[in-house]
Amino acid sequence: MEQLNEFWNEALKIIEEESSAVSFETWFRPISPYGIQGNCLYLQVENPLAKDMLEKRYFDLLRNTIKQVAKRDYEIIILLGNELPQKLVTEKNIQKSHNDIPRNLNPKYVFSSFVVGNSNRMAHAASLAVAEAPARNYNPLFLYGNSGLGKTHLMHSIAHYILEHNNDAKVLYVTSETFTNELILSIQNNRNEAFRNKYRNIDVLLIDDIQFISKKEGTQEEFFHTFNALYESTKQIIISSDRPPKEIETLEDRLRSRFEMGLIADIQPPDYETRIAILRKKAERDNLQVPDDVMAYIAKNIASNIRELEGALTRIVAFATLTNQNISITLAENSLKDIFSENASAPLTPNLIQEIVAHHYNIRIEDLQGSKKPKNIAFPRQISMYLCRKLLDISLPKIGEGFGGRDHTTVIHAISKIEKQLENDTALQNTILQLEKEIKGQ
Ligand SMILES: Nc1ncnc2c1ncn2[C@@H]1O[C@H](COP(=O)(O)OP(=O)(O)OP(=O)(O)O)[C@@H](O)[C@H]1O
């Protein structure tokens, strides 16, 4: 049993991570949890606008977060102070199951929201088989495929499924970036023992984007031992990567052969029918009315990345809401024109950003990607890294890769340097604005 306030604070922490600072402070921070009666959770807000926004725009976030923290589906009722039921016998305690869903699992990434088609049938079946009987037949399970095709979605689904069916299972999902950072910290702070305990005393380890440990010998060494310890005690390991083990350069052979010991399943770009099914599912989940011809228009134009497919739908709906128009093909064409237009037909990639920055500073793109450090090159390089982070949905190590395999700490340093300078350097603010426009083809 837990106090309602503590429970609410826990939910707020998750919402804070999921929403922008301004919407968090405006809509969520002022909410007071009022009480619980039966299956209803009452939340009190200060004004009608907040109530409207929370009900119309943020309801899914609220409901999913509360479900994640409470491990049950409460009916959420948002009320103004004067609407609160006088005689509500509120419970100030909330029943929680003892195995919380880890914070880093996205509540939306479950098997029931994953659309199965020819391109991912095998990966889906293998994931479900592992979730139903961990460490039985397929160990490790190695999932690979290009960015945005559903690897993380499947991994989270496995973790959710195992936790739902076995309350005591110890399931740990991390990216290889987190694994590496924690390893470095543990060495710095002399806490290697704690690190090993954390990674070896579990039943299921899911490690996402393993390709990033390829250039890190120390991390590979530690992961090799973690892998062996878990495998020998019949614990399940699930790994994802953007390529198969044999194509991960500089991966030690002993690790590669470990990865190849179990089942390897790939995910390919979805066919047209699957793309339509994914769009339908998203529209249904988010309660959006989108005509069939608009779905077809998106599915025909975006074929290789599901994140982009979903992004296009979101953009169209946002455009329609903001301009108060019905969703139609013309509106879809307008709202996506800068994505599909000639100018921007080159998709946003680190390369495109480097090209535009290099042109702006009159240097060669190879200089940005190389290791020279003179100021006339180092500064544009930092700007390019900053823009990659701001405009592309890719991780710090992936950005580092595009700049001659630089470490993610270098990328963090570059980004924070530019951010700091932007605070009071208006010339730089203008340059960045101009570069962004060029990159987006505006
Ligand atoms: N088959 C599917 N059905 C429904 N949604 C999907 C499917 N595949 C992917 N998605 C959605 O597409 C988005 C991108 O998927 P995800 O993050 O799992 O990709 P990824 O392969 O892990 O990419 P990256 O390598 O860039 O991390 C997510 O919002 C996910 O829910």
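I take buried to mean under 20% relative accessible area and exposed over 50%, with partly exposed in between (1.4 Å probe, protein chains only). Helices (H or I, at least four residues) and strands (E, at least two) are DSSP runs, numbered from the N terminus.

**Ground rules**

I'm looking at a predicted model, where local features need pLDDT of at least 70, side-chain atom pairs count only at pLDDT 80 or more, and totals for chains, interfaces and linings use all residues. Residues are numbered from 1 along each chain as its sequence is written, and side-chain values use heavy atoms, with hydrogens and water left out.

**Helix 2**

I started with helix 2 (residues 21-28), where Ser23, Phe24, Trp27 and Phe28 are the buried residues. Looking down the axis, I find them within an arc of 105°, so they line one face of the helix. The arc is that of the directions from the helix axis to the C-beta atoms. A reminder to myself: an α-helix has 3.6 residues a turn, so residues three or four places apart point the same way. Ala21 and Val22 are exposed, on the face turned away from the buried side of helix 2. What do the buried residues of helix 2 pack against? I get helix 1 (4-18), helix 3 (48-56) and helix 4 (59-70), with contact meaning heavy atoms within 4.5 Å.

**Helix 3**

Next I checked helix 3, whose buried residues are Ala50, Lys51, Met53 and Leu54. Their arc around the axis is only 170°, which puts them on the same side of helix 3. Pro48, Leu49 and Lys56 are exposed on the other side. I see the buried residues of helix 3 packing against helix 2, helix 4, strand 3 (40-45) and strand 4 (75-80).

Then I moved on to an open sheet of five strands, in the order 7-8-9-6-10, with parallel pairing. Two strands pair if DSSP finds at least two bridges between them. Strand 7 (171-175) and strand 10 (263-267) sit at the edges with a single partner strand each, so one side of each has no neighbour in the sheet. On average, neighbouring strands here are turned by 15° against each other, direction ignored. Axes are lines fitted to C-alpha atoms, for helices over the stretch in contact, and angles run from 0 to 180 degrees between N-to-C directions.

Strand 7 and strand 8 (residues 204-208) run parallel, joined by five bridges; leucine 172 has leucine 205 of strand 8 as its bridge partner. Helix 6 (residues 151-165) packs on the sheet and touches strand 6 (141-145), strand 7, strand 8, strand 9 (236-241) and strand 10. The direction of helix 6 makes about 165° with that of strand 8. Helix 7 (residues 176-188) also packs on the sheet, touching strand 7 and strand 8, and its direction makes about 95° with that of strand 7.

**Strand 6**

Is strand 6 enclosed or left open? Five of its five residues are buried, so strand 6 is largely enclosed by the rest of the structure. I found Leu141, Leu143 and Gly145 on one side and Phe142 and Tyr144 on the other, all buried. Four bridges pair strand 6 with strand 9 in the parallel sense, and phenylalanine 142 stands opposite isoleucine 239 there. Strand 10 runs parallel to strand 6 too, over five bridges, with isoleucine 267 opposite glycine 145.

**Whole chain**

Last, I noted 20 helices and ten strands in the chain. Of its 442 residues, 46% count as buried.
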